[in-house]
Every structure is written in structure tokens, then in C-alpha cells.
Amino acid sequence: MTVAKENAALAALEFVEDGMVLGLGSGSTAEIFLEKLGDKVAGGLKVSGVPTSQRTADCAREAGIPLLDLDRVERIDLTIDGADEVDQAFHLIKGGGACLLREKIIAHASKRMLVIVDDRKMVETLGEFALPVEVDPFCLGLTAQHVYDALLQSGCKDGQTTLRQSKDGSGPLITDGGHYILDCRCREIPDPIATARALADIPGVMESGLFIDLADVIIIGEVDHAKVLEIKRDT
Ligand SMILES: O=C[C@H](O)[C@H](O)[C@H](O)COP(=O)(O)O
């Protein structure tokens, strides 16, 4: 599906204008976009980036994209990011790469969010992809129980949580912000707005991977082209 991701990334470049401050998403699709953006920067495009993860910062530097000092970001014109699932209302599941908290901070601060995916990510109902929830490690068992209850009470078909482990087998995965990730098997999230609210009400939850009303444009890459879907939001 690399070709589909590339087509989505290339179509996203059309939205980038000289002088923009760009939120730079994380994940394999976002990294393809960084490579393409790097080529444009080498060709004279002037932009600056705000990375959503340490890995994205490294990739952006490698691609030659100038990054802003994170303590001095005053505006973000456009964020380009991937997603794990996208529904018809442009609600998203994100966090497959454990970057959801910083991705949400940047998406929320952006004038527009553009999501690049391949067509396998488009779904009728969110929830087949296990929902990542970023939590503080303190009293993890209590928070996990509250997450489980909130998922069931907000109508999810299931709520079983699994603590994500690091790939090197050294223990629980630690996010860039120093938190854990609970992957929640929901199977179906019939009311993503209610579920996002219920999770946000739990004190140990830093953020959930449900991105509600944040995406303005979805670019769906296919093998030979990319489809652009836009939603108009009140500003
Ligand atoms: O935490 C990671 C992010 O939310 C990614 O944007 C998401 O998991 C999609 O990644 P990929 O493009 O690799 O499928």
C-alpha cells in the first residue's frame, strides 16, 4: 500500500503554501509526506514545522525541513497527519504509533487538519482498530478499570484493555510524554462523541485516540490516484 500512501502524501502537498507553519504528524504515511515535503523545501519552498513526536522531529531534520522552537509556536496553519481509522463524519482513531497526545495538541491548535490515509482506513463505524488511550502510569489498574467501564457505558461492544509493550521487550511502552498506552478492544464505537467525552472525564487519562471534529480534509490514497474529501466547519 506504499503507492496509495505516496499518492495521498503527494495530494497533501497541494495544500501547502509558502510561509506556512505546518503541524507534522507521525506514522508511516506522515513520514512519506515528510520526504516529499523535504524535496519541495530543497527546491525553495519556505515552511517551518512543528513535529508531533521525537521520531517525526528526527525524520523532518533528515529531510531538511526547518523546525520551530516548540516553546515559541504562536500559530499552526495546517497539520498533515495519518490515522488508523476514519469514519464518514471525519472522526478518527489515532495513536497506533503511540503519538496521540502530542498529535491531538497540535491538531487542536491548527487552523486546519488534513488527514492522509490509504483506502483501507475508511470505515462505516469506528472501533475495529483497538482504541489507544494514553494514561498516566500512577495506579494503572484503577484507571484501566475506569476506562473499561466508560467504554461499555458509552455503548462500545467491548472494552477489554491491554497495556501496550515496547517492541524491544523491555516492558510497557513509554510515550514521548512519559505515559503508558492502553489498547482498548471496542469492536464497535457507535457513539464516538460520547465515548471520547466519557474517557476525557477520567483523571488518569491523558488523551484518547478518538479525534472528534478535528479533521477538515481527508485524502484517501489509492493505487493510481488520491481522492480529496473536505468538510466545512464553523470557525
Ligand atoms: O500514533 C500514531 C499516529 O496516530 C499515526 O498517525 C497513525 O497510527 C497512522 O499511522 P500509519 O500512517 O503508519 O498507519
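Modeller: Happy to, and please keep in mind that this is a predicted model. Let's begin with Leu10, which has 17 other C-beta atoms within 10 Å.

Colleague: Which helix holds Leu10, and what distance separates its C-alpha atom from that of His225?

Modeller: The helix is α1, which covers residues 2-13. Along the chain, Leu10 and His225 are 215 residues apart.

Colleague: Let's turn to the open sheet of four strands; which strands stand at its edges, and why is one side of each left without a neighbour?

Modeller: The strand order is β8-β9-β7-β10, with antiparallel pairing. The two edge strands each have a single partner, so one side of each has no neighbour in the sheet. They are β8 (160-163) and β10 (205-208).

Colleague: How many degrees does the twist average from one strand to the next?

Modeller: Going from one strand to the next, the average is 30°.

Colleague: Looking at β8 and β9, which residue of β9 is the bridge partner of Thr162?

Modeller: β8 and β9 (residues 180-185) run antiparallel and are joined by four bridges. For Thr162, the bridge partner in β9 is Asp183.

Colleague: Which helices lie across strands of this sheet, and at what angles do they run?

Modeller: Helix α5 (residues 140-153) lies across β7 (131-135), β8, β9 and β10, and runs at about 30° to β9. Helix α6 (residues 192-200) lies across β7 and β10. Its angle to β10 is about 165°.

Colleague: Now the ligand: which helix supplies the largest share of the shell around it?

Modeller: The shell has 18 residues, and the closest are Gly27, Thr29, Gly82, Gly96 and Gly97. Two helices, α2 (28-42) and α4 (100-109), each supply at least two residues. The largest share, three residues, comes from α2.

Colleague: How many residues of that shell are nonpolar, polar and charged?

Modeller: Sorted by class, the shell around the ligand has five nonpolar, nine polar and four charged residues.

Colleague: Last one: what are the confidence values for the chain and the model?

Modeller: For the chain, the mean pLDDT is 97, and 100% of the residues reach 70 or more. The model's scores are ipTM 0.99 and pTM 0.96.

Note on methods:
Residues are numbered from 1 along each chain as its sequence is written. This is a predicted model: local features need pLDDT of at least 70, side-chain atom pairs count only at pLDDT 80 or more; totals for chains, interfaces and linings use all residues. A residue is near a molecule or strand if its C-beta atom, placed from the backbone, lies within 6 Å of it. Ala, Val, Leu, Ile, Met, Phe, Trp, Tyr, Cys and Pro count as nonpolar, Asp, Glu, Lys and Arg as charged, and the others, Gly among them, as polar. pLDDT is the predictor's confidence in each residue, from 0 to 100. A residue is buried if 20 or more other C-beta atoms lie within 10 Å of its own, exposed if 12 or fewer, and partly exposed in between; C-beta atoms are placed from the backbone. Two strands pair if DSSP finds at least two bridges between them. Axes are lines fitted to C-alpha atoms, for helices over the stretch in contact, and angles run from 0 to 180 degrees between N-to-C directions. Two residues are in contact if their C-beta atoms, placed from the backbone, lie within 7 Å.
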